[in-house]
Amino acid sequence: MNRALRMMAYLLAGIFVLLLLMVGVLAMVTRRPFPQTDGAMTVPGIKDDVHIYRDSYGIPHIYANSMEDLFFAQGFVHAQDRFWQMEWWRHIGQGRLSEIAGASTLDNDKFIRTMGWNRMAQTTVEYYQDNEPAYYVILEAYAAGVNAYIADKSPGELSLNYTVLQMVNEPWEIEPWTPVNTVSWGVVMSFDLANDINRELTYARMIDQFGEEAVAALLPSYPYDTRPVIAPTDQLVGEAAHNGALAGWPTAVKWQNVNTTLIGQAPQVLGGDFFVGSNNWVISGQHTDTGLPLLANDPHLGIQMPAIWYEVGLHAPGFDAVGFSFAGVPGVVIGHNNDIAWGVTNTGADVQDLYIERLEGERAEYMGQLYDLEIREEVIKVNGDDDVVLPVRITRHGPIISDVLDDVDDVLAVRWVQQEPSRILQAVLLLNQASNYQEFRDALRYWDIPSQNVIYADREGNIAYQMPGLIPIRKSGLGLVPSPGWTDTHEWEGWVPFEALPALFNPEQGYISTANHAIVDLAYPYYLMRDWADGDRGQRIVEMIDAHIAAGDKITQEDVAAIQNDNMSLLAKTYVPFLANLQTEDQRVQAAIDVLRTWDGQEVRDSAAAAIFESFYVQLYPAILADEIGEDNVEDVRSNIFLHQIALDPTAPWWDNVNTPEKESREAILLQAFTQALDWLDDNMPGDVDSWTWGRMHTATFTSLPLGESGIAPVESLVNRGPFPADGGRSIVNATSWSPDNPAVIRAHPSMRMILDLSDFDASRTIIPTGQSGHPGHPLYGREMALWLNGEYHPLWWTETAVIENAVDHLILRP
């Protein structure tokens, strides 16, 4: 017996030692890529000492004696913390994901290479080489810094992702960083912030099935009478008007002759579809407690790990800026310098058009003549498999993005502003150095794509707004659906002049706010787009600012933070009064209605009312429309504008279920959807009404690609973080957005929050959702998650004194 016990003890001890060894090996492999952030390093390629101070959140401030060394060091620092993110992003931008992930990403690569993201990036780099060599020097300096860090390092020394992936996939070459890799990220951003291709195809399909009148009713244009406009025409210069209805529909097109199935599949990088949005606002000193402006920004982008943004301070003779950058790109995209501050949101401007092309072999028709297509061969390397050769055919409008099929003759080609060389890097770097309003505007003349709502404040007390970008002027139509490409009737005839783009300077109300809602009213002379955001976020922000002003309050940073983290649902404000008046003998339904009656409309994680209402929202659209347009089409027409309007119109024909002999009322459909919502909650969140908290279903999981979607639980737990209960929701200022097909898992989120104080930049506050580090297991990998989830912030230091006083690491790069 004693011998058996001893053998068991030895066995258990052996297992314990083995487990310790495994934990030790895992810890060693995990920690191996952690970068040196303190002390001194000799770095070939740098010309003079560079000092890098990091605070407890890992935010580096780089002090260099030349701009060339400054951007070299920024590339070095980005690579230290985020090289895997940079590696993954550059493979997206070049359509080379399959070199890493194998055949699972082949459709993404086919789409990207067909669209020509790689070719567009090369065109832009050549523009800088030929026309703006000073900026090409910056691109090269940045690339040299990245390469100085990755030189002579094994894959496992750069990222845990390499170690894991190269255990299951074939190793791939870690190439030197190049200017094309930097520029390609701008192409990715521009595509993800546009989404016009999907919108045109949806319109075309829906109009083909249900007619233009029905689609115009289901997808109503912006409600100018109930929602704000960023830059009203009475503050601008404009004469003519355009119609916001569905115009320009080519009724002669026979859609059965057109293949609308795209080659490959677009990757979802920043959120895509209705998720991509943002908030920003700037309040002049006449309304603040400091007497100088407060500027706030929170871009809403796809949830991921690590964060999309990387905070950094850049300091050199002639260059001082701090704020948010992209790993892989030099400069500060959003932030401030010593004189001005700026923030951005997406305009959603319509900068892509689809054209129907008539082909005869490898020739296309235009104005009665045939011309030769340009044919390119793209070779896609696939990890663990044979290369794929992809022929790409290019028309006068752009690449053909759908195939010729046996039963159809016509295909789709796309024209996109990004096919022009992009000067956005030049704009960002000029913006970083601007010292006043005129220099701010001059910098934005180079901001071609993606078009953004850029707000401004300076230390003189001025506030301003500018929409930059290349916005096409169409010969006819609005580009809402694919247009005939064989005539010149829908060609682009140039760009909206910069001087005619919407701009504001010190408006009378003393603040400017943008939330992807309508930039201009119908009197503005140029077409920008039809399908603005629904205006709920924009309305709520304006309401809260106006309430402070009306009360005579001086707005503080705390007030601005409360606005950024506001969780009020205006859709609930519309519907809850109707739900509260529903008559039913069902005690379960009545109990849930009682919960809504006392709800303040704030969608916070411990709210049962929020869970009940949003479950009702999921069921409401099918209850209203599935009988008319079918279940499969419901998600294509979801619109808060429609829901707000139909709620106030009990006679709207959509309330009636056409499949029943009775004529259903608004109240009957509301009760039906509400009951179905409770059934869903019973099935998916067992418990009583009080246990149905919003945070049980509305959760944030920060996923690292590609390992975070591997399907292997131990690997996913190593690189992902979450799920965490979260506040906010769709069309809410705290925009933690989700899809009705997976209620209510967050797919897009405030990718950072920033509050800049023009009276004292050291008092400014920011937060990102994850942490600065992209290395799983690093203390800074998820350092800021709890703060972000709870609406809290950390300081964004500015002065050199504050930077040094709050530094926990000091790294010196030496030649």
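Which residue lies over the face of Y793, and at what distance from the ring centre?

## Charges over rings

In this predicted model, R765 lies over the face of Y793, at 5.2 Å from the ring centre.

## Aromatic pairs

Across the whole structure, a search finds 34 aromatic pairs. Among them is the pair of W89 and W185, which is stacked, with 3.8 Å from centre to centre and 5° between the planes. This pair links distant parts of the chain, as W89 belongs to helix α2 (residues 67–93) and W185 to helix α9 (residues 179–192), 96 residues apart. Both W89 and W185 are buried.

W185 also pairs with F326, here in an edge-to-face arrangement with 6.0 Å between the centres and 70° between the planes. Because W185 lies in helix α9 while F326 sits in the loop between β7 (319–325) and β8 (334–336), the pair ties together parts that are 141 residues apart in sequence. F326 is buried, as is W185. Ring pairs link these residues into a cluster made up of W89, W185, W309, F324 and F326.

## Packing of α17 and α21

Helix α17 (residues 587–597) packs against helix α21 (residues 666–684) at an angle of about 95°, the axes being 10 Å apart, which means that α17 is roughly perpendicular to α21. On the α17 side the contact is made by R588, V589, A592, I593 and L596, and on the α21 side by L671, F674, T675, L678, D679 and D682. Sorted by class, this contact of α17 with α21 has seven nonpolar residues, one polar residue and three charged residues.

Methods
Residues numbered from 1 in each chain as written. Predicted model: local features only at pLDDT ≥ 70, side-chain atom pairs only at ≥ 80, totals over all residues. Heavy atoms only, no water. Axes fitted to C-alpha atoms, helices over the stretch in contact; angles between N-to-C directions. Helix = DSSP H or I, 4+ residues; strand = E, 2+ residues; numbered from the N terminus. Parallel < 35°, antiparallel > 145°, perpendicular 65-115°, else oblique. Contact = heavy atoms within 4.5 Å. Nonpolar A, V, L, I, M, F, W, Y, C, P; charged D, E, K, R; others polar. Phe/Tyr/Trp six-rings, centres within 6.5 Å; stacked < 30°, edge-to-face > 60°. Buried < 20%, exposed > 50% of the residue type's maximum accessible area, 1.4 Å probe, protein only. Lys NZ or Arg CZ within 6 Å of the ring centre and 35° of its normal.
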